[in-house]
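The following questions and answers look at charged side chains and how they pair.

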Amino acid sequence: MNGKIVINFALTICFFCCSSGRVIESPHYNVIHVEAEFEIRQYKQVSWVSALVQGTASFEKSTQQGFHRLYQYIHGANSNSSHFLITSPVTTTIMASTRGPERLVRYYLPSMYTENPPLPNSELNVQFEKWRSNCLAVRRFSGFAKDDNINKEVEALKSSLTKYLPKSSAISEYTVAQYNSSRHLSGRLNEVWIDVSAVTSEGCQRR
């Protein structure tokens, strides 16, 4: 029991925490369209390590459970006992599934590990994932991302998108990206991402 308390406390203070003055590595993208309520970004190829969480409908609980496994991987539970630098954002994708709630929590792999990352310990049940170039509609919001506010942000993004991309209303999968440590109380940045690669113009097609 005490061990769990210590681990949970460590997760709380380490979630996106970094040493003072260090630049945190994030995925590269180009902004290709801007509106008052959202923007559309084209991301280059992005490498992640991800943890699938099943059976937990709560965004907050599934993020905590998934990041618990990712935290262990980036803090030595891998084939090289490597310790990774913290990157941002950590994302949680709410997936459309007929098998019950499924959430995919991702940690962005630093560029030095994209080609040959150390293998995770098998008991963690985490996987490597590589996105091809794709386009995301993005809405920013502040404060803490919680179960009681993310749906409002997702619906606001969908409402904004339908004015320009009518087919986007049928998209059921979305991602919440969190950029700050939980102990960072002010000036927080979160985003809702919806992949619009299949419904945008020719200049923003998945490659």
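Q: In this predicted model, is Arg99 buried or exposed at 65% relative accessibility?
A: The model is a predicted one, and the relative accessibility of Arg99 comes to 65%. Because the term exposed applies over 50% relative accessible area, Arg99 counts as exposed.

Q: With which residue does Arg99 form a salt bridge, and is that partner, Glu102, buried or exposed?
A: The closest N and O atoms of Arg99 and its partner Glu102 are 3.0 Å apart, and a salt bridge requires such atoms to be within 4 Å. Glu102 has a relative accessibility of 3%, and the cut-off for buried is under 20%. The salt-bridge partner of Arg99 is thus Glu102, and Glu102 counts as buried.

Q: Which parts of the chain does the salt bridge between Lys146 and Glu60 tie together, and how many residues apart are they?
A: The closest N and O atoms of Lys146 and Glu60 are 3.7 Å apart. Lys146 lies in the loop between β7 (134-141) and α3 (150-162), whereas Glu60 belongs to helix α2 (residues 59-74), so the pair ties together parts of the chain whose separation in sequence is 86 residues.

Q: Which residues are linked with Glu191 and Arg41 in a network of salt bridges?
A: The side chains of Glu191 and Arg41 meet in a salt bridge with an N to O distance of 2.7 Å, which links strand β9 (residues 190-195) with strand β2 (residues 39-43) across 150 residues. Both Glu191 and Arg41 are buried. The network of salt bridges that holds Arg41 and Glu191 also includes Glu39 and Arg140.

Methods. Residues numbered from 1 in each chain as written. Predicted model: local features only at pLDDT ≥ 70, side-chain atom pairs only at ≥ 80, totals over all residues. Heavy atoms only, no water. Helix = DSSP H or I, 4+ residues; strand = E, 2+ residues; numbered from the N terminus. Buried < 20%, exposed > 50% of the residue type's maximum accessible area, 1.4 Å probe, protein only.
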